[in-house]
Each structure stands twice: as structure tokens, then as C-alpha cells.
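Student: Could you go through this one with me, beginning with how the strands pair?

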Amino acid sequence: MEIDAAVRASSDGRLRTKYDNAVYVVQRAFALYPFEEIAFSFNGGKDSTVLLHLIRAGYYLHKTSCGDEAQINTVQNCPLRTIYFETPCAFPEINSFTYETVSTYGLPLETIRSDFKSGLEGLLKEKSTKAIFIGTRIGDPNAVGQEQFSPSSPGWPPFMRVNPILDWSYRDVWSFLLTCKVKYCSLYDEGYTSIGSIYDTVPNALLSDSSTGNSFRPAYMLSDGRLERAGRAKKTSNNTETNSVASNGMNNAEGEQMIARSASVIVVGDEILFGTVEDKFGAALCKKLHEIGWRVSHVTVVHNEIDSVAEEVKQCKSTDDVVFIFGGLGPLHSDISLAGVAKAFGVRLAPDEEFEEHLSQLIGNSYIGDRNEMALLPEGITELLHHKMLPLPLIKCKNLIILSATNVDELDMEWNCLLDTQESGLLRTKPFVSKHLSTLLPDVKIAPVVAKLCLEFSDVYIGMMPVIGGSHRISRTGPLVVSLVGKDYQRVEGAAAKLSGSFEGLFSQVDSCK
């Protein structure tokens, strides 16, 4: 069988692994369901073209493993029921390629000219259909929560979705097509990298051939698979990310202003909320931010739940210059931080081939089970922050930075790398100065004076200051310490003098200004 032979002869070990896993899923489907109750959804795109040939190879291997040599000619083509949802807004080239391919491989075609859900309902009423092969990849909008065998969603006709290429990347798709030398839609040779309708798809500008000005290089020459959908028209969102975009390209002059930049810290960890582990990252990061003149708006700990992370990120990213997030990274089912970030920004997770290469170098080729899942990053908003001291680049999504530190020493290292990386956006601003006054007066006595000071010195943090603690008692019977923190030394001194003058001789300084 030519597909199987071509992949086996390839020197691309990654492709062979992906192929073996995919054809196993295909063979498993043919073992589980009667052939006449299985269908194949084909749309003429590159992904479903890959799937077509994987089904052919898987069916061949399934039949030959059963010793059914008598049907060898039929096996080569796999006459599986094929569904094509034809729409008036499809590219003519897609329609032509679809019908040509169906004819070439002897596929019994059922053309449906209605929406996907209605078409499936009608199809399943006419013919018993237990499973449908679909060319869904993990980065696709409808791939969230799917596995290689996934029942249809509630409210849809009941059938099993079979996704053999769920974990394939853009690079994997093209490696297969080029290795097997199979025909694909001609639009991909004209710079189209992801094909939708004629109304929302244009050639990918990243493939523009500067030497001619009017032509585009083939889709397989796109070096960054994360930008596969760059040729799709973008819908304008009502909730524009104005603050996030602005903070991604911070103005150096603005960094010297008296007003501090703000950051928030999100820690993801059920173990902290259960009380089994103490959060040390939040306090450590607050101190580091304070040292470079940044104000921390708040620190929060959330459950290892996608919605919990998404809700917190969505709120913080629109109010703070930078958001930091810890925890929930890795191959475990509870490592959902990246999915939460993607949901907060309204994008999907997609394989990041550059990050996956870094992972491969770090953990070795022997670890292949969930490695691809660890390289799924929010599509279109992810920037990798490199530094020679980092074993893996840090992940930045617009104004959100994901820290992978597992202890305070690693946090120190990551922090120093961020400060040394211009792309992080962590500009040093005018440092805070502070003054701390101690008194034995009861808080109810000084409260009215402090309230007036807050109005007069609005640029000085007095009382419950979110960076270093504010007004607090060291103990119930000990003195009350009032902290005054700001960016203007004279203003901090003025507020401290006015507070001390209001209670002559009853306040003393407990440390010097920093």
C-alpha cells in the first residue's frame, strides 16, 4: 500500500509516530463498528485530505491483518461512505478537488446542501451511522474537550466522532502530504494556508513573494504553524483589548512618570486552597514588583478549573498593565492554565512548533505521550520570551506572562531574565519611597486624621496599601505601625510630618525611607 510504504521509508521519526497513532485509531474504529455504519466527512481541505489517506492506509492494514487478501483491490481504495457539505460560498477549486478526489478513489459520495447539524440529522434518519471520521485538529475552534473517540455534543444527533489527527500540527499535515506525494487542493499552492469561505479567506500575507509582488509561496513554506489562520478574515470584537495592546508596547518615557504601573498576580492551585501548601510566590513577586516601582493591584488564588482561571484573567488583563500567572502548567488533567488564558482572550489553543522543539530538547524524544498537549498555546497572541539562562522560553500572551517556576529560587532566575528581556515589557519605573511610623495610640483615635490625609495626599498610599502592608499592628497589644508609600519623596515626608504633628510626640519612625 503506497501510503504505508512512503511513511515507513521516511526518515522523519515524528511523522512515523504520528502516522502509527493515527492509523491505530482508524483500525480501532473499523474493529468497533460495522463498515456500513461508518462515514467519512470530507471537505476538500488539507486536513481531510490527510485523513482520507490515513483511512485508506488504516483500512488496508485492518483488512490484511485479518487475512482478507481476496479483497486486496477493494482494500486499496476503501469505499467508505463519504459526506460532503456543499455550500454556495465554497471556493470553486475546493468543489472541483472534492469531486475529483471522490472519483479517483471510488468513494460513494453523499452531498448535503444544508447546515452541518441539519444535514447530519437527515443523514442519520436515512441510514444507520454509528461513527464518523472527522479531520479535527486540536487547534480547531470545535476541538475543545474532544478526544480521539468523542460522542457527539448534547443536542446533536448521536454518533461517535473519530478524530485520528487530533494531535497533529500544521507541520505534521504538510510533512505527510509531501512525503506521500498525494494530490491536494491547488489553492494551497497559491498561498492559502487555511481555507474557509470565499468571503472570509485570503492568501496568507506571510507567504507573499516579495520578488514578484503579486504571487504567494505554497502553504507548506509557512514556517510558523501558529499563523496558519492568518489568512482568515478577523471579526471585530466589541470588547477591544485596548489596554492590553497598549501595555504590550510600553512607552519608555511613560515609565518614568510618578504614577506606578500596576500588576496583578494569579496563582492556580487547588493544593493552596485546600491548605496543604502555602503560597510563597505571590508575596515574593509582590516584593520584586515593588522594587522596580510597580504597584500590585491584587493577588488571588484560584481553583484548577478553566472557567475560574478565565474569569480572573479576563478581569485582570483589562485593568492592569501586566498580569502574572503561576501554576497549572504541565501534562496532568489539572494543568489547565493555558486553556483558561485562551478562553479569557477568546482564542483557541493550537500547537506551537517552536515551543514543542524546546520541549523535545528538554525532556528528550522518549517522552511523546502528552508532549504535544504541553505545546498547545493560545493562538495568535503568544510570544515566546527567550533568554540564555532559561531552560524553556517563558510564555507571554499580550499583557499576561506565564511563569513556570516551581520554587522561589526558580522565580528569582525567571524574574532576572524578564528584567533582562525587553519584550517582557517590565520597565523599571521611579522607585517607591516609604516611611513607617509607630504609635501606641488606638486605631480609632488616629482613623479620622488618616482619612483626611488620604484626601490631601492622594498620591501617597496610607493605611491599607496593597504593596507592603499599610497600617497594621505587629501584635494586639503592641504598637500600631502606619506605612506611607509613594513615588515623591517630598510628598511622603509631608504626609508623615502632618500625621506626626497631629499627635505631638506620640509617633516615632521605625525605619528610614527606602
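Tutor: Strands E13 and E14 pair in the antiparallel sense over three bridges, where two strands pair if DSSP finds at least two bridges between them. In E14, the bridge partner of Ile395 is Ile402. Helices (H or I, at least four residues) and strands (E, at least two) are DSSP runs, numbered from the N terminus.

Student: Before we go on, what sort of model is this?

Tutor: This is a predicted model, in which local features need pLDDT of at least 70 and side-chain atom pairs count only at pLDDT 80 or more, while totals for chains, interfaces and linings use all residues. Residues are numbered from 1 along each chain as its sequence is written, and side-chain values use heavy atoms, with hydrogens and water left out.

Student: Ok, what is the strand order in the open sheet with E13 and E14?

Tutor: That open sheet has six strands in the order E8-E7-E9-E14-E13-E12, with mixed pairing. Its edge strands are E8 (295-302) and E12, each of which pairs on one side only. From one strand to the next the twist averages 20°; for angles, axes are lines fitted to C-alpha atoms, for helices over the stretch in contact, and the values run from 0 to 180 degrees between N-to-C directions.

Student: Which strands does helix H12 touch?

Tutor: Helix H12 (residues 337-345) packs on the sheet and touches strand E7 (262-268), E9, E13 and E14, its direction making about 175° with that of E14; contact here means heavy atoms within 4.5 Å. H15 lies across E9, E12, E13 and E14, running at about 145° to E14.

Student: Tell me about H15, then. Which of its residues are buried?

Tutor: The buried residues of H15 are Leu411, Glu414, Trp415, Cys417 and Leu418, buried being under 20% relative accessible area, exposed over 50% and partly exposed in between (1.4 Å probe, protein chains only). They cover an arc of only 160° around the axis, which puts them on the same side of H15; the arc is that of the directions from the helix axis to the C-beta atoms. These buried residues pack against helix H10 (281-291), strand E9 (322-326), strand E12 (382-385), strand E13 (394-397) and strand E14 (400-403).

Student: And how many residues does H15 have?

Tutor: Helix H15 (residues 408-419) has twelve residues and reaches 16 Å from its first C-alpha to its last, close to the 16 Å expected at 1.5 Å a residue, where the expected span is 1.5 Å times one less than the number of residues. At the start of H15, a side-chain oxygen of Asn407 reaches to within 3.1 Å of the backbone nitrogen of Asp409.

Student: Back to H10. Is Phe281 buried or exposed?

Tutor: Phe281, which lies in helix H10, is buried, with a relative accessible area of 17%. Not counting residues up to four places away in sequence, Phe281 touches Phe326, Ala405, Thr406, Asn407, Val408 and Leu411. The C-alpha atoms of Phe281 and Leu411 are separated by 7.8 Å, although the two residues are 130 residues apart along the chain.

Student: Where does His387 lie?

Tutor: His387 lies in the loop between E12 and E13 and is buried, with a relative accessible area of 17%. Leaving aside neighbours within four places in sequence, His387 is in contact with Cys417, Asp420 and Thr421.

Student: Switching topic: what is the order in the sheet with E3 and E5?

Tutor: That open sheet of six strands runs E3-E2-E1-E4-E6-E5, with mixed pairing. Strand E3 (109-112) and strand E5 (149-151) stand at the edges, each with a single partner strand, so one side of each is left without a neighbour in the sheet. The twist averages 30° from one strand to the next.

Student: How many bridges join E2 and E3?

Tutor: Strand E2 (residues 81-85) and E3 pair in the parallel sense over four bridges. Within E3, Leu109 is the bridge partner of Thr82, and Ile112 is that of Phe85. E3 has a covered face, Glu110 and Ile112, and an uncovered one, Leu109 and Thr111.

Student: Which strands does H2 lie across?

Tutor: Helix H2 (residues 13-32) lies across strand E1 (38-41), strand E4 (131-133), E5 and strand E6 (160-162), running at about 50° to E5. Helix H3 (residues 46-65) packs on the sheet too, touching E1 and E4, and its direction makes about 150° with that of E1.

Definitions and conventions: Polar contact = N/O pair within 3.5 Å; in protein donor to acceptor, adjacent residues only side chain to side chain.
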